Amino acid sequence: MSLVRLKIKGISYSQTQNGAYALILNEVDGERKLPIVIGAFEAQSIAIALEKEIQPPRPLTHDLFKNFADRFQIVIKQVIIHKLVDGVFYSSIISERDKVEEIIDARTSDAIALALRFDAPIFTYKAILDKAGIFLKFSSKDKEKEDGDESIMVDEILQEGEAVEIDPGSSAPYKEMSLEDLNKELEKAVTGEDYEKAAKLRDEISKRKS
């Protein structure tokens, strides 16, 4: 079976399912998106790994694993989302130590959080993408946005088998704040370990500086 490489498109939240987030993966050489429901902790861990400039005051669980692996010279070479059963994605971590490869079963959210920290590629099988991948329709206004600035609501993107209209609603509350206030809020968010908020604040700060 042929593998398809994926990249992370973004993370969004559910307005109806408390604590539910969606990780949106995009095929590298195509337009299909693969939405995967993940928990709040995993969403924060992935968000903090995507935002390189945000350093948590204490290591998260996935950071601890990375430090442990580095100490014992374990490298994650790639992550493969290899199975989809009843809406649940199953993944394997391909690791290597002393030139010996091991395949480790993992939750997809954990596997991707680690892949980011090891700068390892993420793949899935074409059959899975054919089954669960979707196309998204954007308005002309949304198309003008940069790739990393699309907000995709969980409740809309998980409509099975349909291309859906996107309702942008990302960092609107922060757009009225001054740059000084944004930096203060960012510092508070990192200290309070609210990394999802910190990631949104960092996005808004980056836009102001670009």
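**Reading the core, the sheet and the helices**

Mentor: Let us begin with a single side chain in this predicted model. Leucine 34 touches Leu6, Leu23, Ile24, Leu25, Ile81, Phe89, Leu129, Ala132 and Gly133, leaving aside residues up to four places away in sequence.

Trainee: Which residues have the most contacts inside the largest nonpolar core?

Mentor: The general idea is that in soluble globular proteins, nonpolar side chains tend to be buried together. Here the largest nonpolar core has 31 residues, and Leu25, Leu34, Ile81 and Phe89 are those with the most contacts inside it. At least two residues of this core come from each of strand S1 (3–13), strand S2 (21–27), S3, helix H1 (40–50), S4, strand S5 (88–97), helix H3 (108–118) and helix H4 (126–132). H3 gives the largest share, seven residues. There is also a second, separate core of eleven residues, which includes Tyr174, Leu186, Val190 and Ala198.

Trainee: What share of the residues in the protein chain is buried?

Mentor: Of the 210 residues in the protein chain, 44% are buried. Among contacts between residues at least 6 apart in sequence, 56% join residues at least 24 apart.

Trainee: Is glutamate 31 buried or exposed?

Mentor: Glutamate 31 has a relative accessible area of 54%, and it counts as exposed because that value is over 50%. Glutamate 31 lies in the loop between S2 and S3. Its C-alpha atom is separated by 9.3 Å from that of glycine 133, although the two residues are 102 apart along the chain.

Trainee: Let us turn to the secondary structure. How many helices and strands are there in the protein chain?

Mentor: The protein chain has eight helices and seven strands.

Trainee: In what order do the strands form the sheet?

Mentor: In general, strands of a sheet pair through backbone hydrogen bonds, either parallel or antiparallel. In this model, seven strands form an open sheet with mixed pairing, and the order is S3-S2-S1-S7-S4-S5-S6. Strand S3 (33–38) and strand S6 (100–107) are the edge strands, each pairing on one side only. From one strand to the next, the twist averages 35°.

Trainee: How is S7 joined to S4, and how does it pair with S1?

Mentor: Strand S4 (residues 75–85) and strand S7 (residues 122–125) run parallel and are joined by three bridges. Within this pair, isoleucine 80 stands opposite phenylalanine 123 of S7. S1, by contrast, pairs with S7 in the antiparallel sense over four bridges, and valine 4 stands opposite threonine 124 of S7.

Trainee: How many bridges join S4 to S5, and over how many do S5 and S6 pair?

Mentor: S4 and S5 run antiparallel and are joined by nine bridges, with glutamine 78 opposite isoleucine 94 of S5. Their hairpin has two residues between the strands, and aspartate 86 takes a positive phi near 50° there. S5 and S6 pair in the antiparallel sense over eight bridges, where glutamate 96 has glutamate 101 of S6 as its bridge partner. The hairpin of S5 and S6 has two residues between the strands, with aspartate 98 at a positive phi near 55°.

Trainee: At roughly what angle do the axes of helix H2 and H3 cross?

Mentor: The axes of helix H2 (residues 61–71) and H3 cross at roughly 55° and come within 10 Å, so H2 is oblique to H3. His62, Asp63, Phe65, Lys66, Ala69 and Asp70 of H2 make the contact with Asp110, Ala113, Leu114, Arg117 and Phe118 of H3. H2 passes H3 in a right-handed crossing.

Methods. Residues numbered from 1 in each chain as written. Predicted model: local features only at pLDDT ≥ 70, side-chain atom pairs only at ≥ 80, totals over all residues. Heavy atoms only, no water. Pairing = 2+ DSSP bridges. Axes fitted to C-alpha atoms, helices over the stretch in contact; angles between N-to-C directions. Core = buried A, V, L, I, M, F, W, Y, C linked by side-chain atoms within 4.5 Å. Buried < 20%, exposed > 50% of the residue type's maximum accessible area, 1.4 Å probe, protein only. Contact = heavy atoms within 4.5 Å. Parallel < 35°, antiparallel > 145°, perpendicular 65-115°, else oblique. Left-handed = near helix turned anticlockwise from the far one by under 90°.
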